[in-house]
Amino acid sequence: MTQQVLVLICFLIVSGALLLIFQIVFHSTKKEREISPTTVNRYRVLFFAMLGVILGVLLLFTLPRSPYLLFAHEQPEKIIAVVTRQFSFALSDESPEKKWTPTESTSGIVLPAAALVEFRVSSQDVNHGFGIYDPENNLVAQVQSMPGYVNRLRVRLKKPGIYNIFCLEYCGLTHFIMRTSLEVR
Ligand SMILES: [Cu+2]
C-alpha cells in the first residue's frame with residue numbers, strides 16, 4: 001500500500017468518526033433539558049485535560065523527528081547557501097565566509113551520496129519554500145525560506161541521482177515555475 005493510499009484511508013476514517021460525532025451531538029441535543037453549571041464545568045475540565053493529553057503525546061512522538069534537531073551534534077560535510085527570490089533559487093557550495101553574490105544561475109551543485117549537508121536558506125523578498133525531492137519524486141526534506149532569517153536544514157541525501165527542488169509556498173503569480181535541481185553522486 002502506498003503512503004498516499006494510507007493517508008486517504010486515515011482521512012476517511014477520521015472524517016467518518018467526526019461525522020458520526022456530529023450526528024450524535026445533533027440528535028442528543030434536540031430535546032431541551034436542564035444542566036447545572038457545575039456539570040458543564042466538569043465536562044469542560046475533562047475535555048481540556050483530554051486535549052492536553054492527546055496533544056502532549058503527539059508532541060512527544062513528533063518533536064524528536066523535527067528536522068531542526070536531526071544531526072544536531074554532527075559536523076556537516078558540506079554547507080550550501082540558498083537564496084530565494086521571486087521566482088528562482090540560487091545555490092552556492094562555496095565557503096560561507098567567502099563573499100557570495102547570489103545569481104540566477106543555480107546549476108552545478110553536486111553532493112556526495114549520504115554526506116551530511118547543511119542548507120542555509122534565506123529569502124531576498126517574500127516567504128518561499130525549499131522542498132527537496134529525491135530521484136523518485138518523494139519529498140525528502142523541506143524548510144521555509146524567510147527574509148531576514150537563515151533557516152538551517154541538515155539532511156543526508158542517500159540515493160544517487162537528480163534531486164528536484166520546488167518552492168512549496170505560494171509566493172506570487174508564477175510561483176509554479178520556481179524550481180531548480182542538484183545532483184547526488
Ligand atoms: Cu513559490
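**From the central strand pair to the core**

Strand β1 (residues 78-85) and strand β4 (residues 116-123) run parallel and are joined by seven bridges.

A hairpin of two residues leads from β1 to β2. In general, the strands of a sheet pair through backbone hydrogen bonds, in either a parallel or an antiparallel manner.

These pairings belong to an open sheet of four strands, ordered β2-β1-β4-β7, whose pairing is mixed. Its edges are formed by β2 (88-92) and β7 (151-156), each of which pairs on one side only. Ignoring direction, neighbouring strands of the sheet are turned by 25° against each other on average.

Attention may now pass from the backbone to the side chains. The largest nonpolar core comprises 19 residues, and those with the most contacts inside it are Val82, Phe119, Val121, Phe130, Leu157, Tyr163 and Ile165. At least two residues of this core come from each of β1, β2, β4, β5, β7, β8 (161-166) and β9 (179-184).

When neighbours within four places in sequence are left aside, Phe130 is in contact with Val82, Thr84, Phe119, Val121, Gln142, Val143, Ser145 and Ile165. Among these partners, Val82, Phe119, Val121 and Ile165 are also listed with Phe130 as having the most contacts inside the core.

Helix α1 (residues 3-28) presents another setting. This helix has 26 residues and extends 37 Å from its first C-alpha to its last, close to the 38 Å expected at 1.5 Å a residue. Helix α1 is hardly covered, and the count of buried residues among its 26 residues is zero. An α-helix has 3.6 residues a turn, so residues three or four places apart point the same way.

The confidence of the prediction remains to be considered. The chain has an average pLDDT of 89, and 92% of the residues score at least 70. Confidence is lowest in β2, with a mean of 89, and highest in strand β5 (residues 128-133), at 96.

Notes
Residues are numbered from 1 along each chain as its sequence is written. This is a predicted model: local features need pLDDT of at least 70, side-chain atom pairs count only at pLDDT 80 or more; totals for chains, interfaces and linings use all residues. Two strands pair if DSSP finds at least two bridges between them. Axes are lines fitted to C-alpha atoms, for helices over the stretch in contact, and angles run from 0 to 180 degrees between N-to-C directions. pLDDT is the predictor's confidence in each residue, from 0 to 100. A nonpolar core is a set of buried Ala, Val, Leu, Ile, Met, Phe, Trp, Tyr and Cys residues joined through C-beta atoms within 7 Å. A residue is buried if 20 or more other C-beta atoms lie within 10 Å of its own, exposed if 12 or fewer, and partly exposed in between; C-beta atoms are placed from the backbone. Two residues are in contact if their C-beta atoms, placed from the backbone, lie within 7 Å. The expected span of a helix is 1.5 Å times one less than its number of residues.
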